[in-house]
Amino acid sequence: MATADSAPPQGQQGSDTPTPQTNAPATAPTNPPAQSQPQLTPAQLKAKAKAEKAARRAQVKEARAAAPPAPAAPSGADAKGAKGKGKQDGQQSQSKSGHAHRPSMAGRRPSLFKVEVDVRSTIPDCFSHISMAKRIQTSQADKDVHPAVLAVGQQMATFAIRDSIARLEATLLAFRKVIESYDTPKGNSLSRHFVPHVLNPQIEYLIECRPICFSMGNAIRLLKAKVNKFDIDTPEEEAKEGLLETIDLFIKERIELAEYMIARNAAERINQGDVILTYGRHRLVEKSFLRAKENGKDFAVCIIDDPFDRAGQDLAKALRRAGIPVFYSPNVGGLRHQVARSTSVLLGAEAMFANGSLQAPAGTADVAMAAADAGKNVTAVCETINFDRERVSVDALTYNEIDPERNGPESFRLMYDTTRPKYITGVITEYESGAGNSPTQAILTILRKQEDPTIA
Amino acid sequence: MAPARTIYAPSWEKLEKALKTQPLEASIEALIFLLKRRQLHGDACADATASILRQVVAKSKWHDVDDLLVQVQKAGSRLAQAAPHEPVIGNVVRRVMGLIRDEATESRNADDFGSESASDIQSLAPATNPLVPVPTTRPGPTPIRLPTLASTTSFHVSKSMFNLLSIADPADSVAGSFMTGTSTPISQAQPASVHALRGEVMDGIDEIIDEISQADDQIASFADIQIHPGDFVLVHQPTPTVEKFLVRAAAKRRFTVLISSLSPPQTGEVPYAALRKKLSAAGIRTINLATNGLMAYMPKVNKVIFGARAVYQNGGLLADSGAYTAARAAHESSKPVIVLSGIFKFCPEDPSDEASKHELGNSSSTVSYADGSTVDAIEIENTVAEYVPPNLVDVYLTNL
């Protein structure tokens, strides 16, 4: 047990150190397929993987030469892993289990297997049902995973791409490259072959890196519906063209235009002389503030930050640069006082459930409750792509994520919490109905009105 | 730098040892210095205040009870002003002054055997100025008490804290209570037995000090009643009182402790390592929550426990910041909120000006001074203690 106790820090280092090596080959091939070689056959991919492996082995050897005594064990394990990689890829392409730790690999890479077990082992039993993002070495991924998706997956697992809309956009752009590089095999049709054999492995990989957010789920549903609509005889070029167009339109409408509309709607609701309280940093909230300032409104912003994240400080600086007076509170301490001096509350949401509950960074619910107690308006901003029509959540332990950066024997952290609909006065969406501001219970109506078959 | 500071920095331990030999004024100044540096918190403040007041009684020159009360009150208000964020100091001062009055009354009653005359004198006090609105200057139960004094012969003031709470209000007891009817006649009656009184008062203060030091243990004796097997107990920034409570419960119960704190640990530092070690030795699982809001964890939590810095007249309390969030989240999920507080933390103050009860802390720990533009332009408020309204508290566990 003593080794198990000391393992996590070691293990984290173990998983940290190889990533620079593996990241480089992962990001490098993202560009070539888009520009020079639009299509990569499986054989070509394999050749590429072999080249990567050789490079990695050379690096490992160098590392061993540079520092022989200490990292001997992990580097040895890595080399072993690299040796076995080709075979593993073969196995994985057949098995569609999507699980990273297979018994066969456990034997091959003892250090890696331990890492995975240990990372989850510190999670208390009562929270063990909640998923957590994890880094999967690119060499471990299914070989059908497109390099662009590999890179996006890595960025998601390391939280380089964080919020739901950024993840959605990155995913769509990566899928765009997947479609561009797709070649329907002989005797198959795009509408029958693309989703199960090409798209699904990408999605499985992304889910493995980090559970997909609602917006990604919605977008994927849209994409699949679009593919299914193609007639079996649709020429490949036409189908691909159609899909790319759909993605472009989607990004434009649901992300770019939505952002513009929400910022506009929210800015209209900020009045001269207001003190607006907000929690942490949310892209839409920031845009709304800046927009209101551009519109010539004078108001102040009171930022409640999360001391374990400190994103609010960046928001404070950005607002300050725009000339907006800022009160900054580094944590929820003195929340009643902060709420009492503000006129209303503007919150950013990660997602919205069918029952009108808001999924947002942990702490949002506490701020919303304090504000509702004090009789202040609590407004949330959220794109409709983040709305979920089926899932319902009343507490934060139903759908949540564990913060991998703060997970260990010394700390535990959930990323989101759930704000009940009764504490939210309204939601501002890009949709115009009700001036874009509707009570949370009206979500289903909004979605229906939108008549979007994808979310139906 | 660091070792030098440990050598020269004054500490309460050193001061406590030197109390007997050092001149009184030096001791008071030293304690004021410690309070201003915020080296003492909560229970330690109360203990230090009582010890210093004991020295005031022992060392200062006084000829009658009034004199003594003035001295105690002066020293007390100096301490209280040095640490306005620690209402406990005011409580101890009030307590000691109440004690002095009690002792004076008792000894007078015993010596004089003139309960009749005492009641005469008592009744004289309001009688000298019958039209002056005495009851209005002393709100609350005073009007009820005066008639009883006049009618019944035995003038008895209970020593219980309840009585102290019901009679005193801050302006009254700290600033001007020695001017009131209870003390003035006593001093006229008893100028002689100063020596005996001194001894009795010092004994009384020793009792108060004992009470303060034992409060945690007495509160902890409720631990296994309140904590049940299998509970998930959320403690917010556990104070020594809460730690003792948990450790006591751990001896009898198997439960899980979730510890929340608003300050992220420095690198390499494990928050509440000592407590966690003690609890895990008893087989109790502890989880450190690195979180700001607590609503997310509430479905799992069975009860929320935190320590109070002070409890106000209306039942609200002053606690480490974040306590409001914890209590509010628990309230939302209908989980009981248990507040641990020694009875000496109950103050007869009205917290109507809520914002002034908040204590603001050092903001440089959250914003770097190197970041000039931020520090310059943004108003930063790092609240370290905040008010929790009474409706969010379910249980007070005290040492009464």
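Contact here means heavy atoms within 4.5 Å. The model shown in these views is predicted.

View 1. A:K297 sits in the loop between α13 (283-294) and β3 (300-304) of chain A. Is A:K297 buried or exposed? Its relative accessibility is 19%. Buried means under 20%, so A:K297 counts as buried. Neighbours within four places in sequence are set aside in the following list. A:K297 then touches A:A267, A:E268, A:I270, A:N271, A:Q272 and A:A292. With A:A267 there is a polar contact: the backbone oxygen of A:A267 lies 3.1 Å from a polar atom of the A:K297 side chain. A:D274 is 23 residues away from A:K297 along the chain, and their C-alpha atoms are separated by 9.1 Å.

**View 2. A three-stranded open sheet in chain A.** The strand order is β6-β7-β10, and the pairing is antiparallel. Which strands form the edges? They are β6 (351-352) and β10 (416-419), each pairing on one side only. Strand β7 (residues 358-361) joins β10(A) through four bridges in the antiparallel sense. One bridge can be picked out by residue: A:P361 has A:Y416 in β10(A) as its partner. Strands of a sheet pair through backbone hydrogen bonds.

**View 3. Helix α16 across the sheet.** Helix α16 of chain A covers residues 364-373. It lies across β7 and β10 of chain A. How is α16 angled to β10(A)? The helix runs at about 30° to that strand.

**View 4. Ser77 of chain B in its helix.** B:S77 belongs to helix α5 (residues 65-82) of chain B. Its relative accessibility is 18%, so B:S77 counts as buried. A polar atom of the B:S77 side chain lies 3.1 Å from the backbone oxygen of B:K74.

**View 5. Where chain A meets chain B.** How many residues of each chain are in contact? From chain A there are 51, and from chain B 48. About 4100 Å² is buried between the two chains. Carbon and sulfur atoms give 57% of that area. Three residues stand out on the chain A side: A:F308, A:R336 and A:E410 supply 16% of the area that chain A buries against chain B, more than any other three residues.

**View 6. Chain A as a whole.** Chain A has 456 residues, and 55% of them count as buried. Its fold holds 17 helices and 12 strands. The accessible surface of chain A comes to about 19100 Å², with 54% belonging to carbon and sulfur atoms.

Terms used. Residues numbered from 1 in each chain as written. Chains lettered and ligands numbered in written order. Predicted model: local features only at pLDDT ≥ 70, side-chain atom pairs only at ≥ 80, totals over all residues. Heavy atoms only, no water. Helix = DSSP H or I, 4+ residues; strand = E, 2+ residues; numbered from the N terminus. Buried < 20%, exposed > 50% of the residue type's maximum accessible area, 1.4 Å probe, protein only. Areas by Shrake-Rupley, 256 points an atom, 1.4 Å probe, with all protein chains shown as cover. Pairing = 2+ DSSP bridges. Axes fitted to C-alpha atoms, helices over the stretch in contact; angles between N-to-C directions. Polar contact = N/O pair within 3.5 Å; in protein donor to acceptor, adjacent residues only side chain to side chain. Buried area = accessible area lost by both parts, 1.4 Å probe.
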